[in-house]
Amino acid sequence: MAELAAETSLSREHEVLAQLGELRRLAIVPAFNEEASVGRVIDEIRAFDPGFEIAVIDDGSTDRTAGIAADRGAHVIRLPFNLGIGGAVQTGYRFAFEHGFDVAVQVDGDGQHDPAELPKILEPVLAAEADLVVGSRFAAAGGEAFRSSAARRIGIRIFAGVVSAIARQRVTDTTSGFRAVNRKGIALFAADYPHDYPEVEATVMCVRHKLRLKEVPVDMRERSGGRSSITALRSVYYMTKVLLAIFVGLFRRYAVPLEEEHR
């Protein structure tokens, strides 16, 4: 059984790589003081597919993050000060849009996202089944294996319930930053992307713009360096803040995706 699963996984990877070979693809790597892990992240993306261009968005780091990324041959976009994950990710999408990329993936610079799992999130995009694919830690049967604090688990479940109701489909992991998008998704997120801890609001944006959303189960790793900015107390604060932002967002007019704006 294990051999069959390995063969299936290898076949999927070969098929994804064959389809990717015809497209311009970009890995967006937001990073803040990730000198301990960003080099390995870049190496692992290239090990999966050397044709992936990589844009490291250095979000005001004070360590060697930018230098290590540049030494690895990545595009390095240095922000003048720390904008937060939302500003860094939108910068990456602006770069993808302006340079004509067809497909983009988000891979965090802290090493939690395993680039070996990229075929799973890319496959539905390449098969034209979805515009945004989210790698979920909880979508698989019994998928509570990924360990996090009790406060974060509660927050994730609440967000999942709220977004599932808005999207009218089951969503399990709205806080995952391991994502793949097609050109439609690139155009949308280049024009408008929430700040602070934005993944939940970005998922709602996708639904409001009628982009097709899909989750796939993935394995994630513990952070290999740096530290998370989300403490238990801040988890409660941001859970309240994001729920309020979702409610307000239901009534606000979102930005027009850039490609529509340029027509």
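The structure holds 13 salt bridges, a salt bridge being a side-chain nitrogen of Lys or Arg within 4 Å of a carboxyl oxygen of Asp or Glu. This is a predicted model, in which local features need pLDDT of at least 70 and side-chain atom pairs count only at pLDDT 80 or more, while totals for chains, interfaces and linings use all residues. Residues are numbered from 1 along each chain as its sequence is written, and side-chain values use heavy atoms, with hydrogens and water left out.

One of the salt bridges joins the side chains of Glu44 and Arg221 (2.8 Å, N to O). Glu44 lies in helix H2 (residues 38-48) and Arg221 in the loop between E7 and H9, so the pair ties together parts that are 177 residues apart in sequence. Helices (H or I, at least four residues) and strands (E, at least two) are DSSP runs, numbered from the N terminus. Glu44 is partly exposed at 23% relative accessibility, and Arg221 is partly exposed at 21%; buried means under 20% relative accessible area, exposed over 50%, and partly exposed in between (1.4 Å probe, protein chains only). Both residues belong to a network of salt bridges that links Arg40, Glu44, Asp114 and Arg221.

Asp131 forms a salt bridge with Arg212, with 3.1 Å between the closest N and O atoms. This pair also links distant parts of the chain: Asp131 is in the loop between helix H5 (118-126) and E5, and Arg212 is in the loop between helix H8 (199-208) and E7, 81 residues apart. Asp131 counts as buried because its relative accessibility is 2%, whereas Arg212 is partly exposed at 37%.

The strands E5 and E7 belong to an open sheet of 7 strands in the order E3-E2-E1-E4-E6-E5-E7, with mixed pairing. Its edge strands, E3 (75-78) and E7 (213-217), each pair on one side only; two strands pair if DSSP finds at least two bridges between them. Strand E5 (residues 132-136) runs parallel to E7 and is joined to E7 by 5 bridges. Val134 has Glu215 as its bridge partner in E7.

Helix H4 (residues 85-98) has 14 residues and reaches 20 Å from its first C-alpha to its last, close to the 20 Å expected at 1.5 Å a residue; the expected span is 1.5 Å times one less than the number of residues. H4 is mostly covered, with 11 of its 14 residues buried, including Gly86, Val89, Tyr93 and Phe97. Just after H4, Gly100 takes a positive phi of about 75°.
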